[in-house]
Amino acid sequence: MEIFQIVGLGLIATLLALVIKEQKPTFAFLLIVFTGVSIFLFLVDQIYELIRMVERIANEASIDLIYVETILKIIGIAYIAEFGAQITKDAGQGSIASKIELAGKILILSMAIPIMTVIIQTMIKLLPNI
């Protein structure tokens, strides 16, 4: 099971970072970043399969793929912003981390507006004329 490998890698990296942190804090931070990127790269195949599955379901439901792609991009922005913010927090830069989170939220909002517009227009069409 992949989760055991991921957790094992995380625990080993954590223990090594704690030991190294006393002598070389920069190396400890680099180890943490490398571990985070390694875990992300380990999951790329699963992410790819999830995207293909969602696209297949959207095709079967006759949903315009532009909306599915936009939603997947929104989810990607959320995860990338969270990943970046967590690494920045680990480096002790909470202020920069909060700016990364804010940027992610603004990008998500800007990408969601077209979808929200279509939903509102669809609801208006469904309502009876008064």
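Trainee: How many residue pairs are in polar contact between domain 1 and domain 2?
Mentor: This is a predicted model, in which local features need pLDDT of at least 70 and side-chain atom pairs count only at pLDDT 80 or more, while totals for chains, interfaces and linings use all residues. A polar contact is a pair of N or O atoms within 3.5 Å; within protein, one must be able to donate a hydrogen and the other to accept it, and residues adjacent in sequence count only if both atoms are side-chain atoms. With both residues required at pLDDT 80 or more, the count of such pairs between domain 1 and domain 2 is zero.

Trainee: What distance separates the centres of domain 1 and domain 2?
Mentor: The domain assignment places domain 1 at 1-61 and domain 2 at 64-129, with bounds from an automatic or database assignment; residues are numbered from 1 along each chain as its sequence is written, and side-chain values use heavy atoms, with hydrogens and water left out. Ten residues of domain 1 contact seven of domain 2, where contact means heavy atoms within 4.5 Å. Taken over C-alpha atoms, the separation of the two centres is 22 Å.

Trainee: What area is buried between domain 1 and domain 2, and which three residues of domain 1 supply 43% of its share?
Mentor: Buried area is the accessible area (1.4 Å probe) that two parts lose on being put together, summed over both. Between domain 1 and domain 2 the value is about 710 Å², with carbon and sulfur atoms giving 87% of this area. Of the area that domain 1 buries against domain 2, 43% comes from three residues, more than from any other three: Phe29, Glu55 and Ala58.

Trainee: With which residue does Glu55 form a salt bridge?
Mentor: A salt bridge is a side-chain nitrogen of Lys or Arg within 4 Å of a carboxyl oxygen of Asp or Glu. The whole structure holds two of them, whereas the count between domain 1 and domain 2 is zero. The closest N and O atoms are 2.3 Å apart, and the partner is Arg52.

Trainee: Which residue meets Lys89 in a salt bridge?
Mentor: The N to O distance of this pair is 3.3 Å. The bridge links distant parts of the chain, with Lys89 in helix H4 (residues 65-90) and a partner twelve residues apart in helix H5 (residues 94-126). Lys89 has a relative accessible area of 40% and is therefore partly exposed. The partner in this salt bridge is Glu101.

Trainee: Is Thr35 buried or exposed?
Mentor: Buried means under 20% relative accessible area, exposed over 50%, and partly exposed in between (1.4 Å probe, protein chains only). Thr35 is in helix H2, and a polar atom of the Thr35 side chain lies 2.7 Å from the backbone oxygen of Leu31. Not counting residues up to four places away in sequence, Thr35 touches Leu9, Gly10 and Ala13. With a relative accessible area of 8%, Thr35 is buried.

Trainee: What is the relative accessibility of Thr88?
Mentor: Thr88 lies in helix H4. Leaving aside neighbours within four places in sequence, Thr88 is in contact with Gln93, Ile96, Ala97 and Ile100. Thr88 counts as buried because the relative accessibility is 15%.

Trainee: Where does Ser62 lie?
Mentor: Phi of Ser62 is near 55 degrees, a positive value in a residue other than glycine. Ser62 is exposed, with a relative accessible area of 68%. The place of Ser62 is the loop between H3 and H4.

Trainee: How far apart in space are Phe40 and Phe83, C-alpha to C-alpha?
Mentor: Phe40 lies in helix H2 and is partly exposed, at 43% relative accessible area. In sequence, Phe40 and Phe83 are 43 residues apart, and their C-alpha to C-alpha distance in space is 9.5 Å.

Notes: Helix = DSSP H or I, 4+ residues; strand = E, 2+ residues; numbered from the N terminus.
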